[in-house]
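Thanks for coming. I will take a few minutes on one structure, so please have a look at it first.

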Amino acid sequence: MTAIEIYAPAPHPGQRRVIDEARRFNVLMCGRRFGKTTLGKDRIGRAAWRGMPTAWFAPTYKLLTEVWRELLDMLAPEVESSNVQERQIRLKTGGLIDFWSLDHPDAGRGRKYGLVVIDEAGLVADLEQAWHGAIRPTLADLRGSAWFLGTPKGRRFFYTLYALGQSGDAGWMSWRIPTSYNPFIAASEIEAARASMPEATFRQEFEGVPADDSGNPFGLDAIRDCAGTPLTPGPAVAKGWDLA
């Protein structure tokens, strides 16, 4: 039995489905508290235990701190060394886990990895540049795999990757799974949130449904309603004013 099997919680059914259906590039767009970070720690911990070089990416260093501590605890019997300044854990098996903040899009450049996890991918300010310009090339040497985990924030590049996984593109897989698939979150708590939150916000935060436009408080439906139907033939022209 490995250290991971001793200390990591067993995947709940929603997490198990994702693990069983995974391909090389995986995009999990889910509601808050689904258990995405726990799933990511399981994936990266097992890969590092098998001797792989791996990396965990997050939008900021602050979001790395808790995961760093939890992986150190989870892998404690297998840890050979850890360096908080370099944000790296080395295992006795030869595997390692690097931790990178994506507040700089070149994070990880020059390294090679067998598996990477991009946590809170919906919050990464320039995910497209970070993925194409830095992270994706790190997977070339070892034909490594990637996990994008997060709750959507509008239809940004994270949503583009989710759509790629739904298109049948070779090597890509994606899921949209609501918070309710986590059996440890009470259904009554989810319904209480539904009753007290705007519908679009609830659907994004608890059901993983991206808002039409995260920067627009009215939504595309409201814009379409205001545009109306052209009164004369020919191209329609619409004008808008931002009074703020």
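Which residues in the largest nonpolar core touch the most other members? Before I answer, this is a predicted model, where local features need pLDDT of at least 70, side-chain atom pairs count only at pLDDT 80 or more, and totals for chains, interfaces and linings use all residues. Residues are numbered from 1 along each chain as its sequence is written, and side-chain values use heavy atoms, with hydrogens and water left out.

Now the core. A nonpolar core is a set of buried Ala, Val, Leu, Ile, Met, Phe, Trp, Tyr and Cys residues joined through side-chain atoms within 4.5 Å; buried means under 20% relative accessible area, with a 1.4 Å probe and protein chains only. The largest one has 30 residues, and those touching the most other members are L28, W56, L71, I89, I97, F99 and W147. Helix α4, residues 61–74, gives the most to this core, namely six residues. Helices here are DSSP runs of H or I, at least four residues, and strands are runs of E, at least two, numbered from the N terminus.

Take F99. Leaving out residues up to four places away in sequence, F99 touches W56, L64, V67, W68, L71, R87, Q88 and I89, where contact means heavy atoms within 4.5 Å. Apart from this core lies another, of 25 residues, including V27, Y113, W131 and L139.

For the whole protein chain, there are nine helices and eight strands. Of its 244 residues, 46% count as buried.

Last, a helix pair: I190, A193 and R194 in α7 meet F202, F206 and E207 in α8.

Technical notes
Buried means under 20% relative accessible area, exposed over 50%, partly exposed in between (1.4 Å probe, protein chains only).
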